[in-house]
Structures are given as structure tokens and as C-alpha cells.
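This report describes a predicted model. Please read the sequence and the structure together before turning to the text.

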Amino acid sequence: MKIHPDAVRGSVGVGGAEVTYYDTGRPGAGSPVVLVHGTGGSAMAHFRTVFPMLAARHRVIGLDLGRAETFEGLVSQVEEVIAVRTFAEPVALVGYSLGAAIATAVAARRAVTIDKLVLICGWAKTDSVQRARYGLWHRLYAEDHDALKIFSTLMSFGQTYLDARTPTDLRALIDARTFSPGIVEQMRINENVDVSGELEYVVSPTLIIGGASDQMVPIKHSRLLFGAIENSRFAEIPTGHAATTERPAQVFKLIDDFVRELPHTTPAGAVLDTAAF
Amino acid sequence: MSNQHGPYDVVIAGAGFAGIGLATKLRREGLNNFVILERADDVGGTWRDNHYPGAACDVPSHLYSFAHRPNPDWSHIFAPQKEILEYIRASAREEQIDDRIEFNAEVLSAEWSDLDSVWTIISSAGTYTARVFISAVGHLSDPKMPAIQGIESFAGKVFHSANWDDDYELAGKRVAVIGTGASSVQIVPSIAPVVEQLTVFQRSAPYITARPDREYTTAEKRMFHRLPETLAAQRRDMFWANEERYAQRRGTPSLVQAVQSAALNHLASQIPAGPLRDKLTPDYTIGCKRILKSDDYFPAFLQANVSLETTPIVEVVGSGIRTADGALHELDVIVASTGFEAVDLPIAHRVYGRGRELLAERWNMGMQAYATVAVNGFPNFWIINGPNTGLGHNSSVYVAEAQIEHIVEAISHVLESAAGMLEVARAVEDAYSAQVDSMSQGTVWLDGGCRSWYVDARSNRLTTIWPDFAFSFREVNSPFDAERYGDDNSMHEIEGIRPIGQLAQ
């Protein structure tokens with residue numbers, strides 16, 4: 001099933017990897033919102049609902065990261081998709097989880113120009129708690145995929161979201177987890193993410209969205225990004241790490257508000273009210 | 001004449017969620033010179049009238065409540081009708097609105113006078129004058145009986161689901177339920193165990209998803225009391241979960257298919273493959289009509305005394321219903337569960353604006369109103385739950401509250417301004433409606449291949465539903481700005497609107 005009826009599918013080769021993209025427009029035609037997924041994900045897996053919601057208002061480009069041994073390789077993939085699919089139109093870059101770290105690097109390095117940046121459940125520098133979890137992940141990956149599916153599901157989603165599932169739905173959520181071909185490399189890359197030295201070079205207006213009960217990338221990391229990126233605003237939502245799955249409508253609203261007007265109406269340093277509806 | 005009342009600042013027609021909600025806000029703003037005219041002898045509107053067996057809400061109760069009156073004591077996720085009615089009664093009592101309601105006062109006509117800028121409302125309880133007249137009578141309040149030949153000749157009992165006769169004993173009776181909408185799926189499983197024989201007459205099968213209802217525990221209820229933030233958090237979760245559902249219901253094949261599969265799997269898990277399941281399988285795109293929630297409707301058809309009839313009804317005779325195949329279904333009772341007059345609102349046939357223009361005439365090609373509340377030619381008149389206020393996916397109380405925010409400010413403006421009058425320009429109203437129309441294009445309601453009360457057959461316009469997120473309803477329609485009512489500005493664009501489902505350019 002296509003992610004959106006209007007999306008044109010294509011691919012670019014970057015350093016031996018193939019990166020697939022889904023573009024609801026074409027180069028030069030409209031400022032795109034570019035969506036970069038997280039570890040082991042895809043445009044469909046992480047933006048299934050947010051993509052079509054955004055596509056009703058914006059040109060949207062989703063991409064499926066190709067295989068890469070290094071963080072730099074992933075950064076190049078995103079830069080290349082943007083270079084190929086745009087001329088000079090302003091780009092709003094949205095990164096989720098590992099995608100947020102990649103998007104941060106893309107924005108800081110300016111090989112392509114990023115007009116606005118949104119970082120969802122992101123982090124700048126991997127800490128020891130994350131590393132301990134990655135260690136367990138690799139052990140379970142080698143020994144017991146079912147246990148890994150349960151573990152990953154419990155770590156991904158917020159308590160409220162999990163609580164609301166019936167036992168059958170919870171099991172279905174666990175069973176639906178798959179391990180993509182590039183996931184092991186991406187988990188290795190996660191161990192040593194460090195873009196902390198580049199944050200001062202991020203000058204694009206930035207929106208940081210953190211999940212209050214995120215156990216994978218605790219919200220402290222989003223708060224630190226908010227502290228480090230000068231031109232940033234902060235929104236906390238009551239989700240776990242799977243923010244785009246747990247609260248897609250609110251994530252959509254935050255991105256849409258920000259891309260359309262927020263940099264003008266909300267100053268750097270502002271904390272957004274996410275409780276009102 | 002003692003039957004002459006007023007002048008009031010505001011007369012409100014209707015004491016349901018909308019009327020009580022508006023009155024509460026007026027009270028809290030210190031605007032106390034108002035009266036509510038209620039045609040029945042109690043508050044509660046649709047929740048007073050619809051007391052049929054099994055009546056309950058299918059929006060979670062913590063969301064289907066006033067924002068200003070959270071209720072930690074809801075017994076279930078989806079509270080039953082009695083409890084919702086009691087909630088509205090308590091609201092009226094505790095907000096000191098009870099003594100501002102004239103019961104048994106049905107609005108027969110309301111007419112604007114240009115001469116003195118006054119509304120004159122003639123009711124069954126006397127004549128009222130007011131500077132502002134508000135219709136809060138709802139859009140699902142006037143039962144629609146099926147137009148079936150010979151129905152008056154039926155020897156047994158006939159009633160609409162909204163006029164349920166609680167004293168009538170159904171045990172041992174042969175009962176027909178006509179219709180398979182939101183009321184029917186609650187009635188059928190509730191009466192099936194009691195009646196001798198139950199035949200459900202279906203024109204088109206509804207999509208039905210699971211209804212994850214349960215009782216709240218004592219611990220949860222006291223937690224909501226002691227930690228109000230836990231209740232507020234629950235309410236936010238429910239709101240945003242419903243907003244996600246909106247996106248599922250239009251436009252995107254992958255999302256539409258996901259919810260369609262969920263509904264069909266629900267059916268398959270309850271009804272074995274075969275002719276019965278085939279008859280219960282809808283033949284149109286999901287979301288085109290309201291998606292219903294029930295866990296006990298489908299299983300009711302597995303009972304020996306319950307049958308589903310899909311052959312069209314031809315006529316009613318003295319002893320029962322005759323279907324197109326010539327069969328006569330012998331009956332003691334016919335329950336018309338056939339919905340409400342939502343497209344051509346009965347109140348519109350009673351409201352006369354400038355130059356005695358009838359609202360129903362103004363709307364003869366379908367309803368429209370600026371910000372869903374104001375109509376050109378009808379000064380100092382606002383309507384709650386009028387055009388484009390239905391939501392297929394979220395709480396109608398939220399919608400009414402959004403309108404009330406706008407209306408309370410508009411009323412304050414009228415009462416404070418020298419002119420004492422506010423009327424939206426026709427150009428503004430038309431431009432607004434054109435934008436709503438353009439949002440509707442390509443939606444499942446217009447293109448989904450079904451007949452529903454969402455669309456006005458006279459113009460094929462989507463006049464009853466808001467074709468976007470609930471949050472955008474509030475963003476677009478709540479803000480009041482008197483300047484924007486006028487013709488002398490170019491701000492006819494709906495600012496801040498985020499239509500979804502339209503194809504990006």
C-alpha cells in the first residue's frame with residue numbers, strides 16, 4: 001500500500017546504498033517537508049499517519065534510509081535526497097529519533113540549506129543508559145527475537161498508549177514489529193552518536209518535540225537540545241518514544257503550525273502549550 | 001397581557017447541552033438577563049428524549065462533557081443515557097440556571113423587527129422579546145418517521161426510538177426495528193432477549209467497530225477526584241485519539257483500509273462466514289456514514305428469535321410489514337429507528353429575519369452560516385449545532401463549546417455597542433461557505449457512494465458536517481471579531497484553517 005496516492009516513488013544511490021524517497025511534488029514545485037525516520041524504521045513505519053496529514057497542506061518527501069556503516073553515511077543519504085529533489089526551494093526538515101540526530105547534522109553542516117528544523121524524540125550525544133539498552137538489544141537479537149519484540153514494544157510506547165490496548169491488540173502490536181535489514185548497523189551507529197559539537201551551527205528556526213514518558217530517548221535529551229540550539233522552541237507531549245504513532249494528530253498540528261507560522265509568532269526559547277485543545 | 005415577557009437581553013431556545021452550556025457561560029460573564037425556552041418539561045435535549053433500552057453515548061464520557069465541568073464520577077468509559085441526563089440536570093442546577101428556564105415553552109415563531117431592533121419570540125407559554133435570539137435546539141432533535149405506505153393502518157403499536165414508551169411491555173411481542181443506525185445498534189441487543197421475535201429491517205449495513213467500554217473502578221474515580229490532572233490527561237488522550245480517527249476516515253487509502261479492515265475483522269470475529277455475514281457487510285466506503293461502535297449488535301442476530309431482513313419494505317398493513325418479495329411479516333410493534341431531521345432543520349421554519357424572510361427559505365438550497373453561527377438577514381441571531389457542525393469522529397460538546405465562545409463574545413459586543421446590532425455581511429457568509437465547500441471536495445462523504453444525512457440532497461452540498469479536524473473547528477470558528485462581520489474588509493479567507501484530504505498542489 002502506498003504511503004500516499006500522490007507520492008512519486010524514486011531512489012538515489014549514495015555511497016553504494018540505495019535510498020528510496022516518496023515525493024508528493026517535484027523539484028522546484030513547492031517547499032517540501034522532508035521526513036527522516038528513526039532506527040530500523042521507514043517512512044511508512046514512522047510517518048504512516050503524519051505523512052498524509054501533512055500532505056493535505058504541504059509538499060511532503062518521505063525517505064527510507066539505505067544501509068550505511070556510519071552516521072556520516074546516513075547524513076549523506078539525506079543530503080543527497082534533498083539535493084536531488086529540490087532546486088532552491090526552502091526545506092523544512094523533520095527528524096525522528098535517530099533521524100533527529102541526522103537532521104541536526106544536515107542542518108548544522110549546510111551542504112544543503114535547511115529553512116526549518118523539527119526534532120522529534122531526538123538526542124545529541126548517546127549516554128551510558130542508552131548504551132546499556134543497546135547491549136541488551138544485541139543480545140536478544142542474537143538469542144530471542146520474540147523476547148526482543150516484547151522488549152522493544154515496551155520501550156517504544158508510553159504507558160498510557162500500552163494501557164489502552166486490549167491484550168489481543170497488545171500482542172498484535174508486539175507481533176507487528178519487524179527487524180529491517182539495516183537495523184543492526186543502525187543500532188551500532190546509535191552507540192556513538194555525537195552531534196553535540198555541531199549544535200551551535202544550527203541556525204535554522206527549530207522546533208523540538210519531546211515525549212514526556214519516552215524510555216528510549218528520555219525527554220532530558222530534548223530539553224538539552226532546546227538548551228543547546230539557540231533558535232529553538234520546545235513542545236512536550238505525553239507520549240513515549242513512539243510519538244508519531246501515539247499522537248499523530250498532535251504531532252501533525254505542531255509541525256504544521258511551526259512550518260507555516262510559528263517562527264514568526266513564537267520566539268526562540270518559547271515553551272509551547274500542548275495541553276490546550 | 002400577562003403572557004408578555006421581557007424585554008430580555010437574550011432568549012435561548014433549547015435546554016440541552018448547547019443551551020445549558022451557553023447559559024453557564026453567560027452567567028459566569030455576569031450576563032444574567034436571559035431566559036431559556038424549553039419545549040419539554042425537563043432539561044437534557046437529546047439525552048432526555050432518547051431513553052430507549054441501551055441508550056448510551058459512543059464518544060467517551062470524559063470527553064463528552066463540558067470543559068468547565070469535568071466529572072470524576074462517570075461510571076463507564078461510555079456512560080449510559082440516564083447518567084448523561086443527570087449530568088446535564090446537575091449542570092443546570094449547580095450553575096443556577098434552573099430558575100432561568102421556562103419549561104413547556106415551545107418556540108412557535110421568532111421574528112426580527114427592524115424598527116426597534118428586537119426579536120419577538122412567540123412560544124406555547126407566551127410571548128418574549130429580546131435583543132438577541134439564540135437557537136440551541138440541536139440538529140438531532142426532531143424524529144424522522146419513515147414514509148412507508150399504510151403505516152397509519154397498522155393495528156399494533158408504532159413509535160420512534162426517540163419517543164420510546166417505557167410503560168409498554170415488549171415481552172412476548174413480535175417486534176420490528178426499522179433502521180440500522182446508531183440508535184438501532186443499541187436497541188437491538190437490548191430488547192432481543194426480551195421479545196418473542198425481533199425482525200430488523202436494514203436498508204444498508206453499517207460499519208461497526210469494537211466498543212471498548214468498561215466500568216471505572218472506585219479507585220480510578222477517587223483518583224480523578226484527588227488528582228484532577230489525571231482526569232484532564234485522560235480527556236486529552238481521548239481527544240487526540242479521536243483526531244487521529246478523522247484522518248483515517250478520509251483521503252488516504254492506506255489509512256481508510258486500516259479502519260475498514262478493523263471493522264470487517266470485528267464482524268468476522270462475531271459472525272461466521274455465510275449469508276448472515278454477507279448481509280451485515282457494507283457495500284460502500286467506510287466513513288461515508290457514521291461508523292458505529294458495538295460489541296453486542298452482531299451477536300444478537302445469532303439468537304434464534306432475531307432475524308435480519310434486507311428485502312425492501314413495500315407497505316405496512318394492519319397485521320404487519322410487507323416486503324418486496326411479497327412476504328408478510330406479522331407484528332405487534334414497529335419501532336422506527338430512522339433518525340432525525342438533520343438537513344432541513346425544523347427551527348428554520350420558525351425563524352423570520354429582516355423583511356420577514358424565513359430562515360428555511362434562505363436555506364432552501366442548503367444551510368450555511370458564517371463561522372457556523374451567523375446568517376446574513378438575521379441580525380442578533382446565532383445558531384448552535386447548525387450548519388457544518390457534525391463531526392464523524394469527535395465530541396459534539398466540544399463543537400458546541402467552540403461556538404459558544406464565539407457567541408458569548410458576540411452577545412457582549414451587541415449589548416455594549418451603541419448600535420446594539422450585529423449582522424454578518426452576505427459576502428462574508430458566502431466566502432466562508434465557499435471555503436467550507438472547497439474543504440468538502442474529494443471527501444468520503446461526497447464521493448464514498450452512500451446516502452447519508454451529512455449531504456443535502458437539494459444541492460449535494462455537505463451541510464451538516466465539519467470536513468476537517470475538531471481542533472480546526474475551534475481555531476476557525478471560536479474567535480469573534482466584530483470587524484470581520486462587515487463587508488468593508490477583504491479578510492474573507494478563513495485564517496488558520498488546515499483542510500486535510502485535499503490533494504496538495
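Helices (H or I, at least four residues) and strands (E, at least two) are DSSP runs, numbered from the N terminus. The expected span of a helix is 1.5 Å times one less than its number of residues. Helix 12 of chain A has 13 residues and, at 1.5 Å a residue, should span 18 Å; its end C-alpha atoms are 18 Å apart, which agrees.

The model is predicted, so local features need pLDDT of at least 70 and side-chain atom pairs count only at pLDDT 80 or more, whereas totals for chains, interfaces and linings use all residues. Residues are numbered from 1 along each chain as its sequence is written, and chains are lettered from A and ligands numbered from 1 in the order in which they are written.

**The sheet of chain A**

Chain A holds an open sheet of eight strands in the order 1-2-4-3-5-6-7-8, with mixed pairing. Two strands pair if DSSP finds at least two bridges between them. Strand 1 (8–14) and strand 8 (232–237) of chain A are the edge strands, each pairing on one side only. Strand 2 (residues 17–23) and strand 4 (residues 59–64) of chain A are antiparallel and share four bridges; here T20(A) stands opposite D64(A).

Contact requires C-beta atoms, placed from the backbone, within 7 Å. Angles run from 0 to 180 degrees between N-to-C directions, with axes as lines fitted to C-alpha atoms, for helices over the stretch in contact.

| Helix of chain A | Strands of chain A | Angle |
|---|---|---|
| Helix 4 (residues 98–109) | strand 3 (32–36), strand 5 (92–96), strand 6 (116–120) | about 145 degrees with strand 5 |
| Helix 12 (residues 248–260) | strand 3, strand 5, strand 6, strand 7 (206–211), strand 8 | about 160 degrees to strand 6 |

A residue is buried if 20 or more other C-beta atoms, placed from the backbone, lie within 10 Å of its own, exposed if 12 or fewer, and partly exposed in between. In helix 12 of chain A, 11 of the 13 residues are buried, among them F252(A), L254(A) and F258(A).

**Chain B and the interface**

Chain B has 14 helices and 20 strands. Its C-alpha trace spans about 70 × 60 × 50 Å along the principal axes. Of the 505 residues in chain B, 49% are buried.

Between the chains, 29 residues of chain A are in contact with 25 residues of chain B. On the side of chain A that touches chain B, helix 12 of chain A gives the largest share, five residues.

Methods. Contact = placed C-beta atoms within 7 Å.
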